[in-house]
Every structure is written in C-alpha cells, then in structure tokens.
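Reader: Before we go into detail, could you show me the model and then take my questions one at a time?
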Amino acid sequence: SINVCGGSSFSFSNEMYFQDPIHLNSKGYCKVFTQETVQNALSCSDSGDVLDCNTIDFEIYGLESNCALGTRPSPTPPVPTPTPPVPTTNILLLGDSMASFMGNTLESFCSDVKVENAGIGGTTADQWAEANAEIISECAVRSFDVVYISVGGNDLLLSDCSISSAALVEKIESAVENIVLNVAPGASTYVLTGYCMPHAPEDESSGCSEPSAFNALSVAFSTMQSNGIEVEGSGSTIEIIDSINVCGGSSFSFSNEMYFQDPIHLNSKGYCKVFTQETVQNALSCSDSGDVLDCNTIDFEIYGLESNCALGTRPSPTPPVPTPTPPVPTTNILLLGDSMASFMGNTLESFCSDVKVENAGIGGTTADQWAEANAEIISECAVRSFDVVYISVGGNDLLLSDCSISSAALVEKIESAVENIVLNVAPGASTYVLTGYCMPHAPEDESSGCSEPSAFNALSVAFSTMQSNGIEVEGSGSTIEIIDSINVCGG
C-alpha cells in the first residue's frame, strides 16, 4: 500500500493521512482499506456507499480492546510500544431503539469511554419500570460510571400520540427510579437526552402524523429538566436534556432527513448531533479531545450492533413487541503484526462492512519476532476462529536496519513470519492479507539512513515481489493476498 497515501518511491506521502511521520490516522487507514483489492481480500460486504476518505474526521477507536497477550511474540528484548489510551468512563446504554440502534457508536463521539449496550428496541417506560438486573447479566462489565436511559418514545407512539405530558413524566420517572435502584444501581450519573423530532411520520393516517403530535414528549422532558428527578437513597445525579430541536426540527416542524435512517431512527450523523451537545458531553463525562466534529460530514456505518448485551428477553412479562434484528457480521477478522495493526484499534469496522475485528497487533514488533510467535499471543482474544487474518510485518525490520536491509532479505523475513502465523499463531483462516505500508509523510529522524523517500524502496520492492510471486504455505490450504500500498497516501 505504499502509494495509497499519496506517496511513491520518490516522494513522501500527504501529511493529512498521518498522526505522526509514519503512523496513519483514520483518513490514512481509510485510504488503505477502501482499495478495491483490499476490500475483496478482506471479504468486505458491498454496502453501496462510496466513502470519501478525505472528509472523514473521527478518532481511531477500539485501541483499548487490543487482545494481544501483552508480551512480545518472541523472547527477544521487547521494543517499547506506545500505550493506547485506556477509557476512563464505563457507560451502559439502556432503553428502547434510541439506545439499541446506536450500537457502540457513542465511542466515536465521546472520548475515553467504553460502552456496553443493553438497549432493546420496542420497549416502553412501563416495561423498564418492571425490569431487574438480570437484563444486563450478559454484559461484560457490570459496574458503570454513567448509565444512559432512553424511554418514553414508544409509550407516546403506542398511545397513537394521545398520551398527556403528565402521564409520560410519571411513566418515565418510574422507569428511571427502577433502573437506578434495581437494574443498574451504583452509577454516579444517569442521563436522558430525550429524542430528536422525527423527520416524517411513520404512518400518515395515525394520530402521530404532525410535528405537534410529539409535543407531549418534548414537554415531558422539558418539565423533568426543569424540576429534576431525585431517586431517594441512591446518591446519584439524574441529568435530563431535551433534544427535540437538535436534528433541525421543532415543536412545529419535522427534522432534517439527513440525520435519520428511517422516519424515527437516527443514523450516525443524527447520533453525532445528539451526543456532541455540550450538555450531553458533560453529563456523560466525555474527555475533551480538542476536536470539533462536523456531524454533517461524517459518513460511517453505526457499529457494535452485534455486541448488544441485553439478555434477549423483554424486561417485563408483558407480551414482547417485535424488535428489529441488528445485522450480524459475516466475517471475523484478526489483526496481527506491528503498529500498522495495533494503532488501528477496531477502526477497520468502519471501512469494511459486516465484519467483526479482534486486534492483537503489538507496536514495535518485527517480522523476526512474529516468525517465533505462537498461539498464546491471541489467547486473550474473545474470538479464536477467524475467517481472515490481516498481517502487518516488515516495516520495523527496515527501520531497525536504518533502511540498509535489502528487499530480498525483507522478503525472506516477511515470508517466514507469514508462514509461522498461518501454521502456528492463527491457523485455519481461509485468507491472510498483507497490505504493506503507505510511504511515510516525513522521516522520523532527518539524520538517519531513512531520511529520503528512496530509503523505503526496499520495502516497496519486497511487497511488489511477493505480490508478483505469491506466497504459499504448504499444507494450510489458505490464500495469501498481498497488496503494495506505497502510493496510496499521496507519496
């Protein structure tokens, strides 16, 4: 992939694709992984969307879920590796489809958080007022700093928008009290954002066909925002924000369609609008990343739907309301190798449709080290059987040689690492994929042997050679796909 970020064998890449001289940002990863050859190699589904990598602007996510064992894959002395940021806030999402349809996408809009989603589409405040802690019994985390609650919308819709604001307040407050005391007690803060005004009625003939029909919901949240909610004995803070105007609507007009995936359910732009409000950021204890996100320009799929941890039953014994089934990823992908893998987190899920990523990359590692690794390195990964394994090795072998190593020697090292990964580290995948690297956007050290673009030629030649000749691992039955991306990032 040395050409992918705008570089070439004779020029450095475009700085816009990098977070430092050699490590890609989300734009750079987008450039590498949206190449048609890479999409095909990784078995990405065709979402029909054409992603403009130059306009995306979100943080790389999933760094905290790296599942490598934490030791170098060989007994050689470890090379220091950057420590990914550890989330400081655990957030649980509960309630109806405003929560469940969000997946874990909140992690892209709220810095330094880890999300568990136990929302259940179609549920009402009445049902959550009867729920108990069993509903979150399958969540990996059971102690939360903040709990996000979305209830009341279905109570309005099921009344054909005839319920009063006072009745909605009573139902919502009962649900909140039960969640605080019985479903997910112990959080310091519980947050309700209300809902954006829909962009259209679901049924033109219903009592919910006009914007004014949703006023009771807005009045209910405004009332609770003014009066507050206290749950006696909990010691917790209840934060309430009325978001009815946030997506371009009001009490008298529907919202802008660009923020929705259907008349009432938000897309990633809509969730961005709700959760980047300053009051919501403060309530959720989001860290200040310093970035100003333009919600109108983001264009990535909601992710994390498959990891919903609700028990799978309605929280009350009333007859269940059918809930939409979130898409189940069809391809499990494991990322292995150096910081080209580890610094990616799980961001590949935004560029490759219908996949679930486990990242066991370790920054600073070499092909030689991966040639000595064993399966213990992925022993802490939740998934142990993979359809595709992505491998990034060779870059550090070049850098540690001060860019003096030959392309033939690099081919030998990379092929040894690939063979060991296929046979011993992560055997059984149908495909193993190497994309190579974008040309850096600048040298790390102007006085080193790697100070000119031509110093990286050996790496590009190595990947071009392997791409032409192929790699076969006898007895594996697997396909090894190799793509040289040196030009992709503008060099």
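**Working through the predicted model**

Reader: Let us begin with Asp52. Is Asp52 buried or exposed, or in between?
Author: Asp52 counts as partly exposed, because its relative accessibility is 41%. Buried means under 20% relative accessible area, exposed means over 50%, and partly exposed lies in between, with a 1.4 Å probe and protein chains only.

Reader: What should I know about the origin of the coordinates and the numbering?
Author: This is a predicted model, in which local features need pLDDT of at least 70 and side-chain atom pairs count only at pLDDT 80 or more, while totals for chains, interfaces and linings use all residues. Residues are numbered from 1 along each chain as its sequence is written, and side-chain values use heavy atoms, with hydrogens and water left out.

Reader: Where does Asp52 sit?
Author: Asp52 is placed in the loop between α2 (36-41) and β2 (89-95). Helices (H or I, at least four residues) and strands (E, at least two) are DSSP runs, numbered from the N terminus.

Reader: Which residues form the negative surface patch?
Author: The negative patch consists of Asp46, Asp49, Asp52, Asp299, Glu301 and Asp354. Patch residues have over 30% relative accessible area and no salt bridge, and like charges are joined within 9 Å. Asp and Glu count as negative, Lys and Arg as positive, and His and the chain ends are not counted. The place of a charge is taken as CG of Asp, CD of Glu, NZ of Lys or CZ of Arg.

Reader: Where is Asp354, and what is its phi?
Author: Asp354 is in the loop between α11 (348-351) and β8 (355-359). Its phi is near 60°, a positive value in a residue other than glycine. Asp354 is partly exposed, at a relative accessible area of 34%.

Reader: And what is the phi of Asp402?
Author: Asp402 has a positive phi of about 55°, although it is not a glycine. This residue lies in the loop between α13 (395-400) and α14 (407-425), and its relative accessibility of 39% makes it partly exposed.

Reader: Turning to charge pairs, how many salt bridges are there?
Author: The count comes to two salt bridges. The criterion is a side-chain nitrogen of Lys or Arg within 4 Å of a carboxyl oxygen of Asp or Glu.

Reader: Which parts of the chain does the pair of Lys171 and Asp126 link?
Author: The pair links distant parts of the chain, with Lys171 in helix α6 and Asp126 in helix α4 (residues 125-128), 45 residues apart. Their side chains meet at 2.7 Å, N to O. Lys171 is partly exposed at 24% relative accessibility, and Asp126 is partly exposed at 38%.

Reader: What is the N to O distance between Asp368 and Lys413?
Author: The side chains of Asp368 and Lys413 meet in a salt bridge at 2.8 Å, N to O. Asp368 lies in helix α12 (residues 367-370) and Lys413 in helix α14, so the pair ties together parts that are 45 residues apart in sequence. The C-alpha atoms of Asp368 and Lys413 are separated by 6.2 Å. Asp368 has a relative accessible area of 38% and is partly exposed; Lys413, at 23%, is partly exposed.

Reader: Why can such side chains pair at all?
Author: Side chains of opposite charge can pair when their charged atoms come close.

Reader: On to geometry: what span should helix α6 have?
Author: The 19 residues of helix α6 (residues 165-183) should span 27 Å at 1.5 Å a residue, and the end C-alpha atoms are 25 Å apart, which agrees. The expected span is 1.5 Å times one less than the number of residues.

Reader: Which residues of α6 are buried?
Author: The buried residues of α6 are Leu168, Val169, Ile172, Ala175, Val176, Asn178, Ile179, Val180 and Val183. Leu181 is also found in helix α6, but it is partly exposed, with a relative accessible area of 38%.

Reader: How far apart are the end C-alpha atoms of α15?
Author: They are 18 Å apart, which agrees with the 18 Å that the 13 residues of helix α15 (residues 457-469) should span. Its buried residues are Ala458, Leu459, Ser460, Ala462, Phe463 and Met466.

Reader: What follows α15?
Author: Gly470 follows α15, and its phi is positive, near 80°.

Conventions. Patch = residues over 30% accessible without salt bridge, like charges linked within 9 Å, V, L, I, M, F, W, Y side chains within 5 Å. Areas by Shrake-Rupley, 256 points an atom, 1.4 Å probe, with all protein chains shown as cover.
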